[in-house]
Amino acid sequence: MMDVLTTPFMLTVAMQEAGHAASSPVGAPAGSTAIPAGAMLTLLVPALTMLGCILCGLCAAFKVKSKAPAWISVLLLAASFVAILTTFLGGEGVDRAVIAHGFDWLSISWTEHGPTAGHGLIANFSFYIDSLTLLWMLFVTGLATLIALYASEYMSHDVGTGYCRFFAAFNLFVFSMACLVMADNFVLLYLGWEGVGLCSYLLIGYFYKKPSAVAAAKKAFIVNRIGDLGLALGIFLMFVQFGSVEYSVVFDQARHYIELAQAGNWQSIPWSIQLIPLLLLVGAIGKSAQLPLYVWLPDAMEGPTPVSALIHAATMVTAGVYLVARSYPLFLCSEHALPVVAWVGTLTALLSATIGMAQFDIKRIMAYSTVSQLGYMFAGLGVMTSVGGAFHVLTHAFFKALLFLCCGAVMHGFAGQLDLRKLSGVSKMPGWKVVSIGMLIGCLNLAGFPLTAGFFSKDMILAEAFVTPGMAAIGWLLLLTAGLTAYYTFRVFFRVFVGPVEYHPGDELHAHDDHGHDHDGHDAHGHGDAHAGSHGHGHGHAATHDFHPHPPQWAINTVLATLSVLSIAAAGLYFMGPHGGWVAKMIEHSTAALPHAHEGAGERAHGSFLGMDPHKVMYYVSAIVGTVGILIAFYLHFMGRTTAAHSRADALASGLGPIAKAAQRKWYVDEIYDFLIVKPLWVIAHICHLIDKLLVDGLVDLFGWLPRLLGRTIRPAQSGVLHGYAIGMAGGVVVVLLIVLLVAA
């Protein structure tokens, strides 16, 4: 890392004087710094999304049984996207950061003259609008609008209170994500951070009568709390060291330590400063599902598919990547932070890819793919290509949302069926062309097929891994992961969308269920397919007598077509400028920029790929690796396959024996966690319960029991019978006399 930091760090400073100008609202008195009107439009995003949440709540209160909550959400989210787009087109925040002040929030002082650095805490509800903020918010609000439209049809089986509850949580999530991404201080970022965690819990556990969904929601909530603790400690330590939690103040003070890092003088940087990014990284690992806290995300697929697409593919899980990118100046102050980021991401990418290869649930395969691609993004940031990491975030948001929504359309139409061994030839069925084409486009991007957006964003990360000194091993592991990704991606496509036509409905056929059936056993589109039998389809293999899959309607098809176009068009961004294209220009003026990153990564190249320039040869290498993965999937899962359940890969899996079984069982990571963490905590909890019940409660009960015992003992003497009292008095006199005689003797 020292070799890269050879030029002074250039940090864009927000439009504020000593931290106070940011607090001047529009129409402030003369002499204060005016805030551009375009930047103030960003304040509409939390306002509109919170309004959507409130209106959906009112729809539930008034028992609205229509799609009104969906149309309210789509309209307000679209308006939020227009506000961000208008800000971007107006140039506000693109070349320099500006502060859009909403209202004073936290202002705590322990001096007589107001808060100053080290003597107070300022954390306003204000937004830090720069090119990184706009890049993130453009796809957050844009995808949220499209997915809300998709959900209007997908969730139509639950019109009523559940429908209102879903869209209320949906809007609340976008509100929280806006606070996280646009915050101008780490406290407001933490508010949004916790907000998206809460909404994730609510949406994953949407089907609260389904035990697996409830368990998945609790697992996501608890695992994320571990990461959140690290983030909180990082913010505390940051305030102690810098006296502020505002970006402009913290990053400005970090410049001194970056200069020391440039000179290789790491020992002069206090350990407490170098610890801050490592603590922030713990939070990022939890939210972005990296090793060892990745286990919550695959289980989160128990939530509705629109939730998987919005939260667990495109937006919330990228919050950890955003945190690292936003805090890049702090990561440059630590000798070990970025290498740790790179290795955590790389190992996560590889491990998740090996698990995804062996799964049969197509939605879970996409979930493990998300974990793997998030690892790619972390690796990109760790090997000093924040442009590559951010570009992969953008391209992945489009094509992974597309893939999840295509899987959701299949699930919706086939009564919840997601097993790739029970579906085949979907592209040949009437009404499924849009889904099939969208799936193909998404798979090509995920596999890194040449000239797709996913190809260019992966290539930047791979090339930089070989360029950055000491990171060649990471480059080789990421190349291997790219090949595995291409294989398991097209394993899904060749098994489900091409080949012989065969289908078996899922478990949701016979009852009111989560995806597409009402109380009368009809699906969400009115098809009365409530009874199942078996018959041959295409090749005479068992399917279902009375079941007929229903293809998606206009809302789902419109969203899939739009995302398909966006996934293709995203490749063009790579050519809009120098190396890295449009995304490089957006990163250049943000806190995620490396020193003089606009001059091109090639100027600091030190490594090589087999003696060649990685930036020139990696196009061909990654293309070959991805193509080989696709061809292997073609041979094993398409050629010679006559049924949905069997393929040539079966013999290969049998030959691998315990390795294949271990991969199917996710390398027993959940079992290991259960044995090492869950069970010991369960035992400790029961021991504490026994201590509390027997010792603590026992002592309390003892002190309560002694007076009762005393009372019970003397109670017979207070019977109210006069001759009893007389006998007692006589006995007392006798006792006194005996004592006197004994003492006298």
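A: One definition to start: the bend at a residue is the angle between two axes, one fitted to the seven residues ending there and one to the seven starting there. Keep in mind that this is a predicted model.

Q: Where does helix α8 bend, and by how much?
A: At R255, by about 35 degrees.

Q: How do you know that the end-to-end span of α8 agrees with its number of residues?
A: Helix α8 covers residues 247–262, which is 16 residues. At 1.5 Å a residue that should span 22 Å, and the end C-alpha atoms sit 21 Å apart, so the two agree.

Q: What covers the buried residues of α8?
A: The cover includes β2, α6, α7, α9, α12 and α13. Among the buried residues of α8 are Y247, F251, Y257 and L260.

Q: What makes strand β2 largely enclosed?
A: Ten of its ten residues (120–129) are buried, so the rest of the structure largely encloses the strand. Both faces are covered: G120, I122, N124, S126 and Y128 are buried on one side, and L121, A123, F125, F127 and I129 on the other. In a regular strand the side chains alternate between the two faces of the sheet.

Q: Why do β1 and β2 count as paired strands?
A: Pairing takes at least two bridges, and nine join β1 (residues 98–109) to β2, so they count as a pair. The two run antiparallel, and A100 has F127 as its bridge partner in β2.

Q: Why is the W136 and F139 pair called tilted?
A: Their ring centres are 5.8 Å apart, and pairing asks for centres within 6.5 Å. The planes meet at 45 degrees, which is neither under 30 (stacked) nor over 60 (edge-to-face), so the pair is tilted. Both residues lie in helix α4, three residues apart, about one turn of the helix.

Q: How do you know that W136 is buried?
A: Buried means under 20% relative accessible area, and W136 has 0%, so it counts as buried. F139, at 3%, counts as buried as well.

Q: Which residues of the largest nonpolar core touch the most other members?
A: L330 and M439, out of 212 residues. Helix α16 gives the most to this core, with 18 residues.

Notes:
Residues are numbered from 1 along each chain as its sequence is written. This is a predicted model: local features need pLDDT of at least 70, side-chain atom pairs count only at pLDDT 80 or more; totals for chains, interfaces and linings use all residues. Side-chain values use heavy atoms; hydrogens and water are left out. Buried means under 20% relative accessible area, exposed over 50%, partly exposed in between (1.4 Å probe, protein chains only). Helices (H or I, at least four residues) and strands (E, at least two) are DSSP runs, numbered from the N terminus. A nonpolar core is a set of buried Ala, Val, Leu, Ile, Met, Phe, Trp, Tyr and Cys residues joined through side-chain atoms within 4.5 Å. The expected span of a helix is 1.5 Å times one less than its number of residues. Contact means heavy atoms within 4.5 Å. Rings of Phe, Tyr and Trp (its six-membered ring) pair if their centres lie within 6.5 Å; planes under 30 degrees apart count as stacked, over 60 as edge-to-face and the rest as tilted.
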